[in-house]
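Hello,

Here is the structure I promised to pass on. My notes on it follow below.

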Amino acid sequence: METTQALVAHPDHAVLWHHERLYLLDQRWLPETETFIACETLEATAQAITDMVVRGAPAIGVAAAYGVVLAARARFQQAGRQWREPIEADLQRLAQARPTAVNLFWAIERMRAFIASLDHIDPVPALLAEAQRIHCEDVAANQRIGALGAALIEAPTTILTHCNAGALATGGYGTALGVVRSAYAEGKITRVYADETRPWMQGSRLTAWELMRSGIPVTVQADNAAASLMAGGELGWVIVGSDRIAANGDVCNKIGTLGLAILARHYGVKFMVAAPTSTIDLSVASGADIPIEERAAEEVLACGGKRLGPEQATARNPVFDVTPASLVDAIVTECGVIQQPDAAKVRQLMAGDNNT
């Protein structure tokens, strides 16, 4: 991977295909440095996903689709008409990049099915067109999610969000922040409170950066300040994204989401999950079956490159937790809204019945 500052960082463009390369806005260094990583191979793309250059379930899926294009280009150059067989190893490598976000596997399966429909000529133009369709469909889905989610907010209020579920985490516009953008434009949101989201600080680094760029008032708070904010009685909604939603409506999202849902229920604050249907995994019966990624202990024991914990200390660092469907007031997708979600309502939505 190489870095470039020739491209201009923008809160609606975290994943770009430009001059036959995949460019990913390196989110590890925002907001201090706005640099794009150029990926010319599938391996570089997979490593960028693992290393958190790109993060957020929908954005990972979009990046993965472009990674398949890079793999096909290399395999066709190496094997000519026999490119189809060796690319399977590339797809498996890509699937190993991160274990929890289901959009990664969804995008790989869609590209695999598309590969099966191709003949033996140069596959790159057709695969690139399919990856770009996935990208454009995600942006359109987010805009629809934004409109449907905003419709649930009845009066001007403040909202709380956790981690980053904005344009940086998607193909563009955002899921949770897509709802925020749409609702703010309609005069329904007066201020966004963003949890800092330890240990990667996606809230303070990324969500605040996005919202400030978009002119939306935002206040960053420590994760453990959420209870006192809700106790004040002025918060109307907690709005978050998701990395995987189980068939029964359980929601897997950034660690700390479960605690917010419990607090919201106690204080009578509504809890909304905004996510595309590609995040719903009907093969997983409940949240208990979702694999939870664990990252290095050093991420918890250090901050800003400086170690804070004793050298001998150990740490637990799960990346996600699972919020039971019973604590969720609404799951908002591009295909409709599921209020008080359960298995029957999720099946109904995925079957194409929007009256949920």
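How many helices and strands does the chain have? The chain has 11 helices and 17 strands, taken as DSSP runs numbered from the N terminus (H or I, at least four residues, for helices; E, at least two, for strands).

Before the rest, please keep in mind that this is a predicted model, where local features need pLDDT of at least 70 and side-chain atom pairs count only at pLDDT 80 or more, while totals for chains, interfaces and linings use all residues. Residues are numbered from 1 along each chain as its sequence is written, and side-chain values use heavy atoms, with hydrogens and water left out.

On the overall shape, the C-alpha trace spans about 65 × 55 × 40 Å along its principal axes. Of the 356 residues, 56% count as buried (under 20% relative accessible area, 1.4 Å probe, protein chains only). Among contacts (heavy atoms within 4.5 Å) between residues at least 6 apart in sequence, 75% join residues at least 24 apart.

I also looked at one residue, Thr207, which lies in helix H7 (residues 202–213). Thr207 is buried, with a relative accessible area of 0%. Leaving aside residues up to four places away in sequence, Thr207 touches Thr161, Cys163, Asn164, Leu177, Ala194 and Gln202. With Asn164 there is also a side-chain to side-chain polar contact at 3.2 Å (a pair of N or O atoms within 3.5 Å; within protein, one must be able to donate a hydrogen and the other to accept it, and residues adjacent in sequence count only if both atoms are side-chain atoms).

Best wishes

Notes:
Buried < 20%, exposed > 50% of the residue type's maximum accessible area, 1.4 Å probe, protein only.
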